[in-house]
Amino acid sequence: MKPNSQAPSPNRRTPPRLADRLLEWFVAPHRLEALQGDLHEEFAYQVERVGFQRARWHYWRDVLGFMRPWAMKRGQSEYPNPTNTDMIQNYLKIAWRSLTRHRSFTSLNVLGLSVGVAAALLLFMTVRYELSFDTFHTESDRIYRVVREQILASGDKEVTPGNPLPMAAALKTDIAQFEAVVPVFGTLDPQVTVLGSDPNATKATTKFLEDDEGMLVGPEFFRLFNFPWLIGRPDALAQPNVIALSKTFAEKYFGDAQQAVGKFLRINNHTTMRVVGVLADAPPNTSFPMNLMISYATKKADKGERYGFGSFEDWGGTSSNDQIFVRLPRNFPVAAADALLKKFSLKHYDKRVDSDQKTHSLSPLADLHHDNRFDTFTNKVAVVPLQRIWNLAVVGGLLLLMACVNFVNIASALATRRAKEVGVRKVLGSQKSQLVAQFLTETFLMVLASLVLGVALTYVALPLLNTLFAVPADASLYFNADLGLALLGLLVLLTLLSGLYPALVLASFSPLDVFRKQIARGWLRGISVRQSLIVFQFATALVLIISTMINLRQMDYLSRMDTGFSKEGVFNFSLDTEYRTRNATLRNELLRVPGVAAVTFSSDMPSSDSRWQSTFAFKNLSKNEDFIASLKMADGDYFKTYGIRFVAGAPYAVGDTLPKFVVNETLLKKLGVKNPATVIGRNLRLGDVTGPIVGVVKDFHTNSARDGGVPRAGGIQPILLTPSNGFYYAGSVKIRSQNLPQTVERIKAVYARVFPEVAFISRFYDEALNAYYKAEQQMGLLYRVFAGLTIFIACLGLFGLAAFTAEQRTKEIGVRKVLGASVAGIITLLSKDFLKLVLVAILIASPIAWYLMNAWLQDFTYRIDIEWWVFALAGLLAVSIALLTVSFQSIKAALMNPVKSLRSE
C-alpha cells in the first residue's frame with residue numbers, strides 16, 4: 001500500500017499532497033514505494049529539525065531532484081521474471097557450464113545420439129522413398145492392375161499379371177463401371193539403331209542395346225498416369241510405328257531433345273519408328289521404364305511375334321508382359337469390382353477345353369513395387385515387399401531408441417553427481433518446474449548438437465543408401481522442407497524422451513536426503529530402469545548379430561548348393577532372332593576360338609527369370625495333363641555346355657529341327673513314371689506339335705531357392721526342353737582357358753563379324769545368378785552394418801556407465817587395495833554386474849531371433865537348420881565385447897594409486 005494512501009490524521013503533519021501526486025505520476029511503479037518511503041522519513045526528520053514550513057520546501061526540492069530518466073524507466077518488477085530473456089540466458093549459461101564440466105560424458109552422449117540419428121535418418125529416408133512409388137499419379141489410389149489366378153486340376157496355383165490380348169477390348173464392353181481400361185506391353189530389351197532424318201538409311205552405325213526398356217502404350221496411358229510431355233502430345237501414339245522418347249534418351253540418340261521429333265529409329269533391325277514426342281524424365285520412384293514408349297497400335301498392326309506373342313482373337317495364349325490397368329470410380333468398392341471380374345472370367349473361360357480354373361482380380365497400383373509374386377517391368381527397379389520396408393522402419397526406430405537409451409542411462413547416472421547442486425538450489429528457493437526447465441535446456445543443447453552432427457553424417461553416408469538398398473543417393477530427394485519439419489519434431493520429441501526422465505529424477509531429490517548422502521546408495525541399489533535399458537540395448541544388438549550369422553550361413557549354403565548344372569566359365573550373350581539363319585555360322589566360328597569348349601543357343605539359361613510354361617499331353621495325346629511344365633527351347637549342345645546329366649536316353653542332335661523332347665525327373669514323377677527308360681521314344685504333345693521323348697535329365701534348378709509364387713514339386717519344376725530356332729534369344733559359350741579376357745575379346749570379334757547389325761551385350765553366367773539373391777545379400781549387408789551400429793551404440797552407453805561407476809567407487813577401490821585386494825579381484829567386482837545384464841539380454845534375444853529367422857527361412861525351398869551353436873557364439877561375442885568395454889574402465893580404476901584416491905579423506 002502506498003504511504004499516502006491513508007487519510008492523514010488531524011494532528012499529523014504530512015508532505016505536500018501535490019508533490020506526492022507529481023512523484024506518483026513520474027516515477028515507475030516498481031520504484032515508487034521505496035523512493036516515497038525514504039522521502040517521507042526525510043520529511044519527518046526535517047520537520048523536527050527546521051520546522052514544518054521549511055520541511056515542505058525541502059520536500060518539493062527533493063521531489064523535483066528525482067525527476068530524472070532512470071526513475072521514469074518502466075518495469076514489471078525489481079526482480080527478473082523467471083520466463084524472461086534474462087532467465088533463458090541464465091539457463092543456457094548454466095547448461096553450457098554443466099556440459100563442459102562433464103565433457104567426456106557429454107561427448108559420449110552426443111556421439112551416440114548423432115550416430116543413432118544418422119542411421120535412423122538413412123533408414124527412414126529409404127522407407128519414405130520405397131513407399132512413394134507411383135503415388136505421384138493423380139488419384140493413384142483408384143488405379144489397379146488386373147491379375148489372373150489359375151488353379152490347375154492338380155491343385156497347383158499360378159498367379160500372373162499377364163492377360164490375353166482380346167481381354168482389354170472385352171473389359172471395355174462388359175464392365176462399363178471401369179472409368180479407364182489401359183493395355184500395356186513391356187518390356188522389349190530392344191536394339192535401337194539411330195537413322196536420323198532418313199528412314200531408309202542402311203549405313204547407320206550408331207546402335208544401342210537397351211536393357212529392360214521399351215514399352216508399348218496408347219494415348220490413354222497418359223490420361224491414366226501422370227508422365228508429362230515436353231514436346232508433342234500423347235494422341236500421336238494412336239498411329240502405328242511411332243515412338244516417344246524421354247528427354248535423356250532423346251539427347252542420347254540425337255544430341256538435342258528439340259531436334260529429336262521427326263527423326264527415325266529402327267527397333268530390333270526390323271521396324272522403323274518415327275519420333276513423335278519427348279517426355280520429361282520419369283522420377284526414380286516409378287515402376288514403369290519410361291524411356292522408350294512405342295505406340296500400342298504398332299503391336300496391333302504387327303502380324304508376327306515381334307512384340308510378344310498371341311493374337312487379339314485368341315484367349316488361350318497369355319504373356320506376363322501383356323498387362324491391363326483400370327481406374328475405378330470414386331467410392332467404388334474393390335470387392336464389387338472383383339465380383340464383376342469373376343463373372344467376366346466365367347463368361348470367357350468356362351467353355352474352354354482345359355480343366356483349370358481362371359479368375360481375375362484387381363491389385364493396387366502400389367503393389368507393382370511391393371508384391372513379390374510378380375516380376376516388375378524392369379530389373380532396374382526391384383520388388384520390395386512391404387514387410388521388408390516395415391522391418392527397416394523398425395530397425396531405424398530401434399537404433400534411435402537405443403541412442404535415447406544411452407542418453408537416459410548416462411544422464412540418470414550423473415544425477416548422483418548433481419544431487420548437492422539440486423539440494424542447494426532447492427534450499428535457496430528453486431521450484432521443481434525451474435529445475436526441470438534447467439535440465440531440459442541441457443538436454444536440448446545436446447540433442448541439437450547431435451541432430452546437427454547426425455544430419456552431417458547422413459549427408460556424408462548417402463552413397464550407402466545405394467549400396468544397401470539400391471535407392472538413389474540424391475540429396476535433393478530427401479533434404480527438403482518436409483525433412484526440416486521432421487527434424488524439428490524430432491528435436492522436440494528427443495528432448496522430451498531423452499531428457500524428461502532424468503530431469504524429473506534430478507528435480508525430485510529431497511534436500512534432506514541429499515545432505516545425508518542417501519541418494520547415491522538408494523539410486524544404485526536394486527533393479528533400476530537404467531539396468532533394464534542396458535538389457536534392452538544388448539538384446540536388440542544380439543537379435544541383429546544372430547540374424548546376420550544365419551543370413552550369412554544361408555547365403556553360403558545357397559552358393560555351395562548343387563544346382564544340377566555347371567555355371568563356372570559360361571559366357572552368355574544375346575541373340576537377335578531376325579538373323580537366326582546365321583546362327584550356324586556363328587557356332588562354327590566360335591568353336592575355332594582357342595579356349596572355347598562348347599557353344600549353345602537357347603531361349604534362356606537353365607536357371608533364369610523365364611516364366612515360359614505350358615500345358616502338354618503324354619498319357620492321352622488328346623487330353624492335357626493336369627499340371628503345367630516349364631518350357632526351354634535349346635539346341636542339342638545345351639546339355640554339354642551346362643553339364644546337365646542324363647539318366648536315360650541322349651540329347652537330340654545340334655541341327656535337329658523336328659520336334660523332339662528332353663524331360664526331367666520331376667516331370668516323370670508327376671506323371672507317375674518310375675523307370676525313366678520306359679518313356680524314351682514315346683510321343684508327347686505340346687500345343688499342336690507332337691514328337692518323341694529322346695532323353696531324361698537329372699533335375700536342375702530353374703529358379704532361385706525362393707518359391708517366388710512358382711508352383712514346384714519339392715522345389716524343382718517339371719521341365720520340357722525342345723529345339724526351336726525361332727526362340728533362341730541367348731547364346732552361351734563354355735570357356736576353358738587360362739586367359740579369359742583374351743578369349744572374351746575374340747568371342748566379341750567373331751560376333752561382330754557375323755552380326756555387324758547387332759549390338760553385343762554379355763556377362764558371365766555366375767554374375768547373373770548372383771542377382772537372384774540380391775535382396776538377400778542386401779539384407780545380409782543391412783544386418784552386418786546395423787548390427788555393428790547397435791553394438792557400437794550399446795558399448796558407448798556401457799563405456800560411459802562403467803566410467804561413472806568406477807569414478808563413484810574410487811575411494812572404495814582405494815580402501816580395498818590398501819586392505820590387500822588384487823587387481824583381478826577389483827576388475828571382477830566392477831565388471832560382474834554389467835555381465836549379468838548381458839547374460840539376461842542373451843536369454844531374451846535368443847528366442848526372438850530364432851522366431852524371426854525361422855520365419856524368414858520358410859521363404860526358401862532349400863534352407864539350413866538353425867543350430868544351437870549360433871546362439872552360443874553370438875552370446876560369447878556379446879559377452880566378450882561387453883567385457884572389453886567395461887574392462888578398460890575397470891583396469892584403469894584398479895591400477896589407480898590408493899594414496900591419490902584416499903587423499904581427500
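A: Two residues are in contact when they have heavy atoms within 4.5 Å of each other. In this predicted model, among contacts between residues at least 6 apart in sequence, 80% join residues at least 24 apart. Buried residues make up 50% of the 905 residues in the protein, and the secondary structure comes to 30 helices and 24 strands.

Now to the core itself. The largest nonpolar core has 83 residues, and those touching the most other members are Leu 123, Phe 469, Leu 494, Phe 538, Ile 550 and Phe 786. Helix H20, which spans residues 529-560, gives the most to this core, with 14 residues. The core lies between domain 2 (86-133 + 385-517) and domain 4 (519-561 + 773-905), because both domains give residues to it.

Leaving aside neighbours within four places in sequence, Phe 786 is in contact with Ala 119, Leu 123, Val 395, Leu 399, Leu 468, Phe 469 and Leu 544. Two of these partners, Leu 123 and Phe 469, are also named among the core members that touch the most others.

Apart from this core lies another one, of 25 residues, including Ala 180, Met 215, Phe 225 and Phe 288.

For a view of how two helices pack elsewhere, take helix H7 (residues 167-174) and helix H11 (residues 334-349): their axes are 12 Å apart, at an angle of about 120°. H7 is therefore oblique to H11. The contact is made by Met 167, Ala 170, Leu 171 and Asp 174 of H7, together with Leu 341, Phe 344, Lys 347 and His 348 of H11.

Note on methods
Residues are numbered from 1 along each chain as its sequence is written. This is a predicted model: local features need pLDDT of at least 70, side-chain atom pairs count only at pLDDT 80 or more; totals for chains, interfaces and linings use all residues. Side-chain values use heavy atoms; hydrogens and water are left out. A nonpolar core is a set of buried Ala, Val, Leu, Ile, Met, Phe, Trp, Tyr and Cys residues joined through side-chain atoms within 4.5 Å. Buried means under 20% relative accessible area, exposed over 50%, partly exposed in between (1.4 Å probe, protein chains only). Helices (H or I, at least four residues) and strands (E, at least two) are DSSP runs, numbered from the N terminus. Domain bounds come from an automatic or database domain assignment. Axes are lines fitted to C-alpha atoms, for helices over the stretch in contact, and angles run from 0 to 180 degrees between N-to-C directions. Angles under 35 degrees count as roughly parallel, over 145 as roughly antiparallel, 65 to 115 as roughly perpendicular and the rest as oblique.
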